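Please keep the sequence and the structure in view while working through them.

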Amino acid sequence: MDDRALIRQTIRTVPDWPTPGVQFRDITPLLQNPKVFRVLIDQFVHRYFDQRPGAVAGLDARGFIIGSVLAYELNIGFIPIRKKGKLPYATVAESYELEYGSATVEMHTDAVQPGDRVLLIDDLIATGGTMMAGKRLLERLGAVVIEGAAIVDLPELGGAAKLRASGLQLFTLVSFEGH
């Protein structure tokens, strides 16, 4: 079995969570199995080793898991992009629309310098709102987002298409049709 098939097979689908009709794609089994976790991280390491980003920015919260390990493996810094109110220092914020309502993410104002090359990562792309907000934050501080990356793409929700239309290069390991 190839690596991407192993990753896809290990992701658990939880029907009707958090609401009826939703097929939740749960990545926690990827993290629980040390062999599969290594395979997962290696997929990203091999992709970005020669691209040499200056930092990895991870989106709250599962993007922290993958992003921090990837940053460690690439020997570069990690930037947390958190939900509003969670960072203790001066922040810059970006709000975005959710399916029902809105949310805000923040990062420290000194997290990047103009011209820094940053990889933006999360576990999953659904509507693309969180990743778009992270991209805007990084760019507002002058960083260059070299690519957005995620384990899973849910193409029917349109997020990946929206992100690509904004000019963001995107890399995902697996996709699942349906919600």
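1. A definition is required at the outset: two strands are said to pair if DSSP finds at least two bridges between them. The model under discussion is predicted. In general, the strands of a sheet pair through backbone hydrogen bonds, either parallel or antiparallel.

2. Which residue is the bridge partner of Arg82 in strand 6? The partner is Glu106. Strand 4 (residues 77–83) and strand 6 (residues 101–108) pair in the antiparallel sense, over 2 bridges.

3. These strands belong to an open sheet of 7 strands, arranged in the order 5-6-4-3-7-8-9 with mixed pairing. Strand 5 (91–98) and strand 9 (170–175) are the edge strands, as each pairs on one side only. From one strand to the next, the twist averages 20°.

4. Helices pack on this sheet. Helix 1 (residues 3–10) touches strand 8 (144–153) and strand 9, and the direction of helix 1 makes about 65° with that of strand 9. Helix 3 (residues 34–48) lies across strand 7 (117–125), strand 8 and strand 9, and runs at about 155° to strand 8.

5. Which residues of helix 5 are buried? They are Gly129, Met131, Met132, Ala133, Gly134, Lys135, Leu137 and Leu138. Helix 5 is followed by Gly142, which has a positive phi, near 95°.

Definitions and conventions: Residues numbered from 1 in each chain as written. Predicted model: local features only at pLDDT ≥ 70, side-chain atom pairs only at ≥ 80, totals over all residues. Heavy atoms only, no water. Buried < 20%, exposed > 50% of the residue type's maximum accessible area, 1.4 Å probe, protein only. Helix = DSSP H or I, 4+ residues; strand = E, 2+ residues; numbered from the N terminus. Axes fitted to C-alpha atoms, helices over the stretch in contact; angles between N-to-C directions. Contact = heavy atoms within 4.5 Å.
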